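Here is a short briefing on one protein model.

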Amino acid sequence: MRDCERVMAGKMAACALRRGLMSTVSKYNKKHAHRILSVVNKSSGFDVFRPRVQCRACGLPGGVQQRRFMSSRPEGKILETVGMFEAVKQHGKYETGQLFLHSVFGYRGIVLFPWHARLYDRDITPPMPESKPEPPGAHGSKEVKGKTHTYYQVLIDTRDCPHISQRSQTEAVTFLANHDDSRALYAIPGLDYVSHEDILPYNSAEQIPIQHELFERFLMYNPAKSPPFTPRDTLKAWQDKNHPWLELSDVHRETTENIRVTVIPFYMGMREAQNSHVYWWRYCIRLENMGNEVVQLRERHWRIFSLSGTLETVRGRGVVGREPVLSKEQPAFQYSSHVSLQAPSGHMWGTFRIERTDGSHFDVRIPPFSLESNKDDKAPPAGYTF
């Protein structure tokens, strides 16, 4: 059993698209179309993503913040059209092939397929406690009932990865290797899980609008469809074969002093090591500053309970080798790590130590979450092979 808080070669987010963009888009009526613009450095040929909303009917940029992006752009960079915003879906789900901007991290992406998860939100108090009790030693006694929520498996445009690398890992989806070395992990670059409310849909006239090595393997252009990108058989086969290790089932969320922590655990499989079984999980964590105060994550404190009866405490500086600053301009940080148990199930919970600008500290709760293994664990993940 161990906590592998280390960097997985992720490349993250210098250009966060603020939540104000979502409200700006929603204020325009359906008669207005919105162009998505990116800054392109012509001297280097390298894209620097700076999303902006512009109304085609009036020709004015949508909001003060978008104008600030424009006035502060470096010399030698111009704007090019990426696509046109579409209406945000308040109900229902987005289909495979939907192009989108991430409303927090600002990257361009495309939906591969949806997942239906159970969201356990500890900020919402249910009328009657109906969920499982917390594991021994966990903080608090609140019980939470899960509700169905839609998440999406997506591809990230590789042109945007360098500009989000300080905010969100872009190689967070990992597998166990296809052999008996229980410590061998490998990552699939440019895959992410995105909540429904973080999707800002758009369309594009390009037949290959997203640059990713899996785009043409998984999707094909079909102008008769809407969206005009449909799944290939390789995508369906890959999803079916890797379903147990890709599936997002439970999401846990809790807010402490305006810092919201969201945790998504994934079962990765079992390996035999020294005549014993070792069960592996990865967990994705997003911290988001919902307030106006600038804060910095300084320490982590984990409690890991195994069904075998052991309880381990893990303390350390930062997370994945970083101590991220959460501000109004860049409010979120997302990372992944791994844990292994010598039992088929367990629990994790803990706190993050957060520092204010005046030097004072407070602890942010990490909501308790279960580590559950799949009942049928016969074949290893098929992983990144075709």
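Asp 250 is buried, at a relative accessible area of 15%. Buried means under 20% relative accessible area, exposed means over 50%, and partly exposed is in between (1.4 Å probe, protein chains only). This is a predicted model, in which local features need pLDDT of at least 70 and side-chain atom pairs count only at pLDDT 80 or more, while totals for chains, interfaces and linings use all residues. Residues are numbered from 1 along each chain as its sequence is written, and side-chain values use heavy atoms, with hydrogens and water left out.

**Salt bridges**

- The structure holds 17 salt bridges. Each is a side-chain nitrogen of Lys or Arg within 4 Å of a carboxyl oxygen of Asp or Glu.
- Asp 250 pairs with Arg 118, and their closest N and O atoms are 2.6 Å apart. This pair links distant parts of the chain: Arg 118 sits in strand S7 and Asp 250 in strand S15 (residues 250-256), 132 residues apart. Strands are DSSP runs (E, at least two residues), numbered from the N terminus.
- Arg 118 counts as partly exposed, with 41% relative accessibility.
- Glu 288 forms a salt bridge with Arg 260, with 3.5 Å between the closest N and O atoms. Glu 288 belongs to strand S17 (residues 276-289) and Arg 260 to strand S16 (residues 259-273), so the pair ties together parts 28 residues apart in sequence. Both Glu 288 and Arg 260 are buried.
- Arg 298 meets Glu 355 in a salt bridge of 2.6 Å, N to O. Arg 298 is in strand S18 and Glu 355 in strand S22, so this pair ties together parts 57 residues apart in sequence.
- Shared partners join Arg 298, Glu 299, Arg 317, Glu 323 and Glu 355 into one salt-bridge network.

**Strand S18 and its partners**

- Strand S18 covers residues 295-306; nine of its twelve residues are buried, so the strand is largely enclosed by the rest of the structure.
- S18 pairs with strand S22 (residues 345-356) in the antiparallel sense over eleven bridges. Two strands pair if DSSP finds at least two bridges between them. Ser 306 stands opposite Gly 346 in S22.
- With strand S19 (residues 311-317), S18 makes seven antiparallel bridges. Arg 303 has Thr 313 in S19 as its bridge partner.
- S18 and S19 form a hairpin with four residues between them, and Gly 309 in the turn has a positive phi of about 105°.
- Strand S20 (residues 325-326) pairs with S18 over two bridges, again antiparallel. There, Val 295 stands opposite Leu 326.

**Nonpolar cores**

- The largest nonpolar core has 38 residues, and those with the most contacts inside it are Ile 110, Leu 112, Trp 238, Leu 246 and Leu 248. A nonpolar core is a set of buried Ala, Val, Leu, Ile, Met, Phe, Trp, Tyr and Cys residues joined through side-chain atoms within 4.5 Å.
- Strand S7 (residues 108-121) gives the largest share of this core, six residues.
- Domain 1 (83-123 + 145-247) and domain 2 (255-377) both contribute residues, so this core lies between them. The domain bounds come from an automatic or database domain assignment.
- Another core, of 29 residues, lies apart from it; among its members are Tyr 267, Val 295, Leu 326 and Leu 341.

**Cysteines**

- The disulfide count is zero, a disulfide being a pair of cysteine sulfur atoms within 2.5 Å.
- Cys 161 is buried, with a relative accessible area of 8%. Cys 284 is buried too, at 12%.
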